[in-house]
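This briefing concerns the structure displayed below. It takes up domains, chain contacts, sheet architecture and helix packing in turn.

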Protein chains: 2
Amino acid sequence: MKLVEKKQHVLDGPVTLESGEHLSEVTVAYETWGELNKEKNNAILVCHALTGDSHAAGRYSKDDLKPGWWDTMIGPGKGLDTDKFFVICSNILGGCMGSTGPSSIDPATGKPYGSDFPVVTIHDMVQVQARLLDLLGIEKLHCVVGGSLGGMQVLSWCKNYPERVGSGVVLASTMRHTALSIAFNEVARQSIVSDPNWQGGHYYGKTRPDIGLSVARMIGHITYLSDEAMHQKFGRRLQNGSTFSFDFDAEFQVESYLHYQGAKFVDRFDANSLLYVTKAADYFDIKEGFNENGALTRLAEQKSPFLIVSYTSDWLYPTYQNREIVSVFKRHGLDVSFCEIEASCGHDAFLLPSERLTSLLTGFLGKGA
Amino acid sequence: MKLVEKKQHVLDGPVTLESGEHLSEVTVAYETWGELNKEKNNAILVCHALTGDSHAAGRYSKDDLKPGWWDTMIGPGKGLDTDKFFVICSNILGGCMGSTGPSSIDPATGKPYGSDFPVVTIHDMVQVQARLLDLLGIEKLHCVVGGSLGGMQVLSWCKNYPERVGSGVVLASTMRHTALSIAFNEVARQSIVSDPNWQGGHYYGKTRPDIGLSVARMIGHITYLSDEAMHQKFGRRLQNGSTFSFDFDAEFQVESYLHYQGAKFVDRFDANSLLYVTKAADYFDIKEGFNENGALTRLAEQKSPFLIVSYTSDWLYPTYQNREIVSVFKRHGLDVSFCEIEASCGHDAFLLPSERLTSLLTGFLGKGA
């Protein structure tokens, strides 16, 4: 078994953000699978979702019990076949898994940024990815792939670096965050900043706002599942026995599940990072002016193919929002395929093992190669 | 203009709850509109939803700017025509608008119950309503009407007092709380109990857990609207100007709306009451054994007609859950009509002015009279 290693690069020079702010020093954490060929034209960039990280596949050690988050899709002979392709995944700017974010040390003060970290956008995240590819000597990607917030990054690649996009795959995503999605994110953020331990965002080295972050994660988890998925998974089953306890402890299984997800999350994620990445999602709106700089025309001219996939029970970024991407792409003459996959498990479907998606990706990448 | 007055009755003797606990003294706040006829057979009981109160219609004074919450439906010549019917609405047990709840004084201690208040169920709420009707000398209701949690109370009336139900109207409701609805309620509860000011539920006379309650209300509000309603109402419009502020203040209109709803709510509602009424909703499951004591058979025999109404964009208690009520009623030979009303505004639709609902109610009550 080949192990994977998390690498970190410091970008050359500062990064200017969409807000006009600057980050003097940006570190990018990334992992790779497979080999970059001599022509450097077999690279696939995988863009992770809201709370993901660079560890998309494989294991760090022989004793590592849990492989990366998309291990079912990345590897030899898998959907993203590492016998053919060089797959890269980097932690997003603003994250907390090795790339620069609010928990990083501000070189100007020697202390963690906290809430002094500037607001970042999806375009900023993609700019950092592009500069990582510069360092790796990769001019053009064979494909850029992502689901959810990762799909927004794929669309931002199309808009900002069309000449570097050989093809693209967008899963369960949207061209712009709707009022409903903004609403869920804002409630999650309010839950964090309402925790007295948040302390204006400067809690590093002190007690963390774990309770607020945990409730925020519970809200998120509800949106990742579906009515049907929750019914199948938990129904009204009780945690213990079959009679009500008539108190306020978690007694339905779905309550225990949410508590567990909340508690598990605070061990791996930074509360400030959740504020920043949800804000980046809320700012995302590529629908108007997608082609204002001729990006879509360029993608059509160079015949970069696209695959858009939605899931029937996804109510966070439902099929109609994915179809809107298809419409805009078609209107500009792009080669775009669309597939709605039947799934009862809600938005999370794009992360789960799927023979359907594997065969779609295999076919798509074969065609684009 | 005839003014309305909030009355309070103390029930005769203690109330034994479904949990087996007792409440030694129970006060019920209620309001009435129209006149009870000599035969005492023209009474309509309106059951309010989660955070409603007895003030369903009219005004308390000439200067009262805001009428009751269903003023569009209750009054002379309206859907519930007070020229013909005697309409009653009482605040639910566990509430905080005049009926006994966690903020009431525990006669045993002389202090507010707080979290020592026993867990109550929908059946307990209905038992208290039935005992209020006893005091008013009303044996049988011409009709019992309610939406959302109020609809659950109508179903509980059917199950527990079929002989007292002349007819029933259930709007936007369900026979049992699903895992999704329980999940939303549990996150709202966690938001409250995570507020340090909640203090184990004994915050009366001290600082209240307003922040936790406010976030809980924001979560609720998301579920009362729909993707489409939020898009129409707010879209991605900003509160001020057209450029992003690149900070974490509420800048999208939907964010300001949620903040406003949260802030407004804490002025009128008690945090502990929200814990208790959401718990009562979560416990509600009348699907199994609805007819185990022959209640549905009895309703069919006495030819009590029913009207079930759902709304197309309601994703909290969607049409399929309302249809399940229709199926069970039909299977037991009840006279039941069903209507799905086209509405883009989500679950809240049942509270909004609707000519369609007015004409449905007028027709239904005419038929049942």
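The points that follow are grouped by topic.

The model is a predicted one. Chain A is assigned two domains, domain 1 (7–177 + 283–368) and domain 2 (181–279). Chain A also meets chain B, with 41 residues of chain B in contact with 41 residues of chain A.

**Domains of chain A**

- The C-alpha centres of domain 1 and domain 2 of chain A are 26 Å apart.
- Contact between the two domains involves 25 residues of domain 1 of chain A and 20 residues of domain 2 of chain A.
- On the side of domain 1 of chain A that touches domain 2 of chain A, there are 12 nonpolar, 12 polar and one charged residues.

**Contact between chain B and chain A**

- In total, 41 residues of chain B contact 41 residues of chain A.
- On the side of chain B that touches chain A, the elements giving two or more residues are helix 3 (179–193), helix 4 (210–224), helix 5 (227–233), helix 6 (253–268) and helix 7 (271–283) of chain B.
- The most is given by helix 3 of chain B, with 10 residues.
- By class, this side of chain B comprises 23 nonpolar, eight polar and 10 charged residues.

**Sheet of chain A**

- An open sheet of eight strands in chain A has the order 1-4-8-5-11-12-13-14, with mixed pairing.
- Strand 1 (7–10) and strand 14 (335–341) of chain A each have a single partner strand, so these edge strands are left with one side lacking a neighbour in the sheet.
- From one strand to the next, the twist averages 20°.
- Strand 12 (residues 168–171) and strand 13 (residues 305–311) of chain A run parallel and are joined by four bridges. Gly168(A) has Phe306(A) in strand 13 of chain A as its bridge partner.
- Helix 1 (residues 122–136) of chain A packs on the sheet, where it touches strand 1, strand 4 (27–33), strand 5 (43–47) and strand 8 (86–90) of chain A. The direction of helix 1 of chain A makes about 65° with that of strand 4 of chain A.

**Helix pair in chain A**

- Helix 3 (residues 179–193) and helix 4 (residues 210–224) of chain A pack at about 165°, and their axes are 7 Å apart.
- Because angles over 145 degrees count as roughly antiparallel, helix 3 and helix 4 of chain A are described as roughly antiparallel to each other.
- The crossing of helix 3 of chain A past helix 4 of chain A is right-handed.
- Among the residues making the contact are Phe184(A) and Val187(A) of helix 3 of chain A, and Leu213(A) and Ile219(A) of helix 4 of chain A.
- This contact has eight nonpolar, four polar and no charged residues.

Technical notes:
Residues numbered from 1 in each chain as written. Chains lettered and ligands numbered in written order. Predicted model: local features only at pLDDT ≥ 70, side-chain atom pairs only at ≥ 80, totals over all residues. Domains from an automatic or database assignment. Contact = placed C-beta atoms within 7 Å. Nonpolar A, V, L, I, M, F, W, Y, C, P; charged D, E, K, R; others polar. Pairing = 2+ DSSP bridges. Axes fitted to C-alpha atoms, helices over the stretch in contact; angles between N-to-C directions. Parallel < 35°, antiparallel > 145°, perpendicular 65-115°, else oblique. Left-handed = near helix turned anticlockwise from the far one by under 90°.
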